[in-house]
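Please look over the chain shown here. The report below covers its confidence, fold, core contacts, charged pairs and surface.

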Amino acid sequence: MGSSADGDPGLTSLLLMVPDEAFSASTVTILIIIILIQLLLSAITSGAETAYFSLSDKDINYLKLKETGSARQSIRLLDQPKILLATILIGNNFINISIVISMKLLMDKLLPGLEESNTTMFFLANAVVVTFLLVLFAEVLPKVYATQNNMRMALFAAPILNIMTGIFRPVSKLMVSSTNYIEQRISSKKSPGLSGKDFEHAI
């Protein structure tokens, strides 16, 4: 026996539309949650860069005496500053690229058909929104906070950076090796009047 929906095309169409709308709404919600998590991770990595590389010798000695997991992780990260910096840069760029992709998917859901009808406007709107979010929430605010609370930020970011170091270690090592090679090549040709400290600061 056929169901009543089989004999009513209008009812069938209605039943097919409801799941699509529910799926679209849930997709938007999921994308927003993903973007918020990505912004948080980007903020943590940006703030961590400022925090770790502004720690004084006194701060580092304090971390060495502090018997907590985050403090021990922070010291391990500081023991390899080049690997730490490379991990932060690689991780931050990877996260920011993922934010751009997620925002593109979200804009497709929120403004359906705009990309086909007006490609320039679509990408301009996407670029403005992404730039605003990244600059304000993933760069400026975290670094301002980290400047004023570098110890707290370093301890908070330590577990996340420890995981990122493990994930990106092969790429980080390659990046550090490449940088060391370039530094050696340039240093062999540098001006005699340029001190080692000035050269390191310039690099």
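Accessible areas here come from the Shrake-Rupley method with a 1.4 Å probe, and for residues only the protein chains shown count as cover. On that basis the chain has an accessible surface of about 12,900 Å². Carbon and sulfur atoms hold 67% of this surface.

This is a predicted model: local features need pLDDT of at least 70, side-chain atom pairs count only at pLDDT 80 or more, and totals for chains, interfaces and linings use all residues. Residues are numbered from 1 along each chain as its sequence is written, and side-chain values use heavy atoms, with hydrogens and water left out.

**Confidence**

pLDDT is the predictor's confidence in each residue, from 0 to 100. The chain averages 83. A pLDDT of at least 70 is reached by 79% of the residues. Among the elements, helix 3 (residues 69-78) has the highest mean pLDDT, 95. Helix 8 (residues 196-202) has the lowest, 55. Residues 1-5 stay under 50 throughout, and the model has 4 contacts for them beyond four places in sequence. Residues 11-19 are also below 50, with 4 contacts beyond near neighbours in sequence. Contact means heavy atoms within 4.5 Å.

**Fold**

The chain has 8 helices and 0 strands. From the N terminus on, the order reads α-α-α-α-α-α-α-α. Take the contacts between residues at least 6 apart in sequence: 78% of them join residues at least 24 apart.

Of the 203 residues, 31% count as buried. Buried means under 20% relative accessible area, exposed means over 50%, and partly exposed lies in between (1.4 Å probe, protein chains only).

Is Ser172 buried or exposed? Ser172 counts as buried because its relative accessibility is 0%. Ser172 lies in helix 7 (residues 150-187). Leaving aside neighbours within four places in sequence, Ser172 is in contact with Ile83, Ala86, Thr87 and Ile90.

Phe168 lies in helix 7 too. Its relative accessibility is 14%, so Phe168 counts as buried. Which residues does Phe168 touch, not counting those up to four places away in sequence? They are Ile90, Gly91 and Phe94. Phe168 and Ala86 are 82 residues apart in sequence, yet their C-alpha atoms are 8.8 Å apart in space.

**Salt bridges**

Side chains of opposite charge can pair when their charged atoms come close. The rule used here asks for a side-chain nitrogen of Lys or Arg within 4 Å of a carboxyl oxygen of Asp or Glu. The count comes to 3 salt bridges.

| Pair | N to O distance |
|---|---|
| Glu67 and Arg72 | 3.6 Å |
| Lys104 and Asp108 | 2.9 Å |
| Glu139 and Lys143 | 3.3 Å |

Glu67 is exposed, at 64% relative accessibility. Arg72 is partly exposed, at 43%.

Lys104 and Asp108 both lie in helix 4 (residues 81-110). They are 4 residues apart, about one turn of the helix. Lys104 is partly exposed at 22% relative accessibility, and Asp108 is partly exposed at 26%.

Glu139 and Lys143 are about one helical turn apart because they are separated by 4 residues in helix 6. Glu139 is partly exposed, at 24% relative accessible area. Lys143 is partly exposed, at 28%.

**A nonpolar surface patch**

Patches are made of residues with over 30% relative accessible area and no salt bridge; like charges are joined within 9 Å, and nonpolar side chains (Val, Leu, Ile, Met, Phe, Trp, Tyr) within 5 Å. Phe132, Val135, Phe137, Val140, Leu141 and Val144 make a nonpolar patch of about 520 Å². Val135 lies in helix 6 (residues 119-148). Val135 counts as partly exposed, at 44% relative accessibility. Phe137 is partly exposed, at 38%.

Rings of Phe, Tyr and Trp (its six-membered ring) pair if their centres lie within 6.5 Å; planes under 30 degrees apart count as stacked, over 60 as edge-to-face and the rest as tilted. This gives 2 aromatic pairs. In one of them, Phe132 and Phe137 have ring centres 6.2 Å apart and planes at 85 degrees, so the pair is edge-to-face.

Conventions
Helices (H or I, at least four residues) and strands (E, at least two) are DSSP runs, numbered from the N terminus.
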